Amino acid sequence: MRKRVLLLPLLLLIALSSCVLYQGLNVAPKGSGWATTDLTAFPFFINVLEDFQPFIPADEEMTIMDSFIDDFVNQLLRASSASNISMMKLGEGGYFIDFTFSSLEQLLEDLNERQKQTIVKIEEQGARSTLKIYLDLNNYPQLEKIIPFLGDPNFETFGPRYNEGMSEEEYLDMISYILGEEGPPAINESTISLIVTTPKPFIAQQGGIRESSSTIRFEIPLIEFLLLAHPIEFSVTW
């Protein structure tokens, strides 16, 4: 069974694979809502991170993964659109984050260094609302700002901007050379998923799997995200 990874802003902490992120996203009227994140980093992923010596935190009791999570929570604390933020560490490599947001679009703009973003949009037309998700090579730099981990020189070479035009086979060969034989299977077994709960039953969708009348699951094979050979595009209307 493929590993299922459910996301919102922590989307790419799984970029080096073997990490499971369960994200519930509940959208209320006018784009407000709340999110709960249950993240588990497996030993292979943590061992890969530990190999990047410059990232070892000054506090010896804090792991590299602890540092990444701490940085993200601090980003949320600085975002005017986020509130009621809490985080708990669950064992070795497990984390639970819970927060509310006054506007999903504004939250992503706050995390995007207070600049406009085009990855997630909520469009209003009469009594209808549509949540649109669109990611390609042109707006991927916005995601690197939202999740700074992706843009760090030690990690960005694993992402789509540095591997444009590379085939899946070529990419997995590269991963095997850099990370060892465990790398390619971990990537092939990983799926990025976003579960969205709408404030009322949805009436239309582009992509996604209906879970209930008001819950939809969007899934992306991790390798497709890492290469972005084609735009990633989903939408739901309620």
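Trainee: Is β11 mostly covered or mostly open?

Mentor: Strands (E, at least two residues) and helices (H or I, at least four) are DSSP runs, numbered from the N terminus. Buried means under 20% relative accessible area, exposed over 50%, and partly exposed in between, with a 1.4 Å probe and protein chains only. β11 is mostly covered, with five of its seven residues buried. This is a predicted model, in which local features need pLDDT of at least 70 and side-chain atom pairs count only at pLDDT 80 or more, while totals for chains, interfaces and linings use all residues. Residues are numbered from 1 along each chain as its sequence is written, and side-chain values use heavy atoms, with hydrogens and water left out.

Trainee: Which strands pair with β11?

Mentor: Two strands pair if DSSP finds at least two bridges between them. Strand β8 (residues 190-197) pairs with β11 in the antiparallel sense over seven bridges; Thr-191 has Pro-221 of β11 as its bridge partner. Strand β10 (residues 209-212) also runs antiparallel to β11, joined by three bridges. There, Ser-212 stands opposite Thr-215, and a hairpin of two residues joins β10 to β11.

Trainee: What does β12 pair with?

Mentor: Strand β7 (residues 128-135) and β12 are antiparallel and share six bridges, with Ile-133 opposite Phe-234. Strand β9 (residues 204-206) is antiparallel to β12 through three bridges, and Gln-206 has Ser-235 as its partner. As for cover, β12 (residues 232-237) has five of its six residues buried.

Trainee: Which elements give two or more residues to the lining of the second largest pocket?

Mentor: On a 1 Å grid over the protein atoms alone, a pocket is an open set of points with protein on both sides within 12 Å along at least five of seven lines, whereas a cavity is a set where a 1.4 Å probe fits but cannot get out; lining residues have an atom within 4 Å of a point. The second largest pocket has 13 lining residues, and those nearest its centre are Glu-224, Ala-229, His-230, Pro-231 and Ile-232. The elements giving two or more residues to this lining are β11 (215-221), α7 (222-227) and β12.

Trainee: How much space lies in that second largest pocket, and how many lining residues are nonpolar, polar and charged?

Mentor: Grid points are joined across faces, edges and corners, and a volume is the space filled by probe spheres set on the points. By that account about 160 Å³ lies in the second largest pocket. Ala, Val, Leu, Ile, Met, Phe, Trp, Tyr, Cys and Pro count as nonpolar, Asp, Glu, Lys and Arg as charged, and the others, Gly among them, as polar. The lining has eight nonpolar, one polar and four charged residues.

Trainee: Where is Arg-114 found, and is Arg-114 buried or exposed?

Mentor: Arg-114 is in the loop between α3 and β6 (120-125). Arg-114 counts as exposed because its relative accessibility is 54%. Its phi is positive, near 60°.

Trainee: Why is helix α3 described as largely enclosed?

Mentor: Seven of the eight residues of α3 (residues 104-111) are buried, so the helix is largely enclosed by the rest of the structure. Among the buried residues are Glu-105, Glu-109 and Asp-110.

Trainee: What is Gln-142 in contact with?

Mentor: Contact means heavy atoms within 4.5 Å. Leaving aside neighbours within four places in sequence, Gln-142 is in contact with Asn-112, Lys-116, Gln-117, Thr-118 and Ile-119. Gln-142 lies in helix α4 (residues 140-146) and counts as buried because its relative accessibility is 17%.

Trainee: How many helices and strands does the protein chain have?

Mentor: The protein chain has seven helices and 12 strands. Buried residues make up 51% of its 238 residues.
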